[in-house]
Amino acid sequence: MARNDRPTRPTGARRALPSLRSSTRRAMRPDGPPTDEIPMWSSPDGVDRDTAQAVIDLAMRAGVAMLATGASAADVTATVLMLTKAYRLTSVHVDVTYTSLTVSYHRGPHADPMTIMRIVPFRSQDFTRLERLRELIVSLTQETLPLDDARVRFDGVVSSPHPYRRWLVTGAGGVLAAGAAALVGAGPFIAFVSFLTALVVGRVMSWLASAGVASFFAQSVGAAIPTVVATLVVVLQSHGFTVIGDVSPSLVVASGIVLLLAGLSVVGAAEDALEGYYVTAGARAFEVIVLTLGITVGVSTVLSFGQRLGFPIAITSQTRLTDAVALQVACAVVISGAFAVMSYARGRVVVAAGVAGALGWLALALGEQVGIGTITASAIAAATVGFLSRVVARRLGFSALAVTTAAIVPLLPGRLAYQGISEIVTRPDETGVPSGLTTLAQAFGTGLALAAGVAMGTYFASLLQAKRTGERPRPAAAASRTTVTRAVGEPTLSDTGDLPRVMQAQTAEPATERAHGGA
């Protein structure tokens, strides 16, 4: 007979299974909410419709003005967000492209949003006006003025005259071309011819711009002018004019190419790409490519006609002054300072640009002497310029963009570009085309190295400064839609290098304020 008083043994397998599940869940699942929350509208700002509309209009005007004067997409975005935050608008979204700016203010689920888009009709490098706009915006964030007074001050900055007369800016272009010719080995006569040619190019380019001619065709005409002058020098030499002496007319073309390349937004494209604004960076880079093709068309057309007429322009084998290093540095200072004047930079920026240009050229010369190659040496020189310019600009209170853009002009590969075009045109056979394409590829690689070097030098300088002040570096726009920083004190103009860094020093607010779609 079976016993009924024996206790039954529980099987431990069924009871251990829930415990294993709980342990696995505790190990795999987080305890709290996500740290990177999706930006959402939280509550109304308490700003009436008329005031909000006036604030958005003022911020839009400031953003368009900065974009038109050469600011990067990150600067424009920070400008709009700083102004709207100063007037208590916290749910603002900004979208920047190369030709337009859109600002949207989300007023909540039961109110219509305010969205404004404006097209930027033209862009020019005006560093003085950009500097004054930056100072005005920082002052408005520190001491909020009535909107009417703020608009009056903004209109005064935008409508203020340039710091230099037009003849001085044109003359600075001639000095730049003469310095570029001397830097690659030209004598006094060719340097003087380059100066006069650049004056003509400057006036013709200004007239074409006022007449509404497309930039591609304007670049072609501007590049054709020094090539025509160089061809005329060859014609005079062929007719026995010994007063010219032993000169190289190709350096006139090389200096003219440097003058035309100097106005392209290579640095701005690199900065936008590094900041995550890939649409704007792509537009800037494509514009650089198109305008460079315009230079190629202008030079190659004149060279083809000269070749058919029997007046080819020989290419000099001398690329730089090999023995006079002091003269090289002096030429770099002159070129950088002249371009700063051409871009309407103020006196201290001109001086800083000249010093940065000299340091960049010394870094390039040292790199080539060590034997690391022209492209690598150019990248190191540009990184040096970007790093030092960023540090000095933060201490002295001006934008680093003006200094870096001017300081890399002596490093532009004008002679390489002309040499590649000339090899393709004058020797259109099996040897000339591959050799010319190789030279053009080297010039293109040098340009990319300069842009990347400046961007990386500026980036590492900002990381170093953020570490010293206790701030957290701002992530790229495409990587994150929010910026979370730690407040380290109220920012002032003296300790800020550019607007995005001022933005970082603000106390962290709801994520919707800093959400933007730059790309």
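**Patch and strands**

Analyst: Let's start on the outside: V325, V351, V355, L359, L362 and L388 make up a nonpolar surface patch, with about 470 Å² of accessible area together. Such patches take residues with over 30% relative accessible area and no salt bridge, joining nonpolar side chains (Val, Leu, Ile, Met, Phe, Trp, Tyr) within 5 Å; a salt bridge puts a side-chain nitrogen of Lys or Arg within 4 Å of a carboxyl oxygen of Asp or Glu. Areas are Shrake-Rupley values with a 1.4 Å probe. This is a predicted model, where local features need pLDDT of at least 70, side-chain atom pairs count only at pLDDT 80 or more, and totals for chains, interfaces and linings use all residues. Numbering runs from 1 along each chain as its sequence is written, and side-chain values use heavy atoms, leaving out hydrogens and water.

User: Which helix gives the most to the nonpolar patch?

Analyst: Helices are DSSP runs of H or I, at least four residues, and strands are E runs of at least two, numbered from the N terminus. Here helix α13 (residues 347-370) leads with four residues.

User: Is strand β2 enclosed or open?

Analyst: Buried means under 20% relative accessible area, exposed over 50%, partly exposed in between (1.4 Å probe, protein chains only). Six of the six residues of β2 (residues 100-105) are buried, so the strand is largely enclosed by the rest of the structure.

User: How many bridges join β1 to β2?

Analyst: Strands pair if DSSP finds at least two bridges between them. Antiparallel β1 (residues 92-96) and β2 share five, with H93 partnering S104. S104 also has T115 in β3 as a bridge partner.

Key. Patch = residues over 30% accessible without salt bridge, like charges linked within 9 Å, V, L, I, M, F, W, Y side chains within 5 Å.
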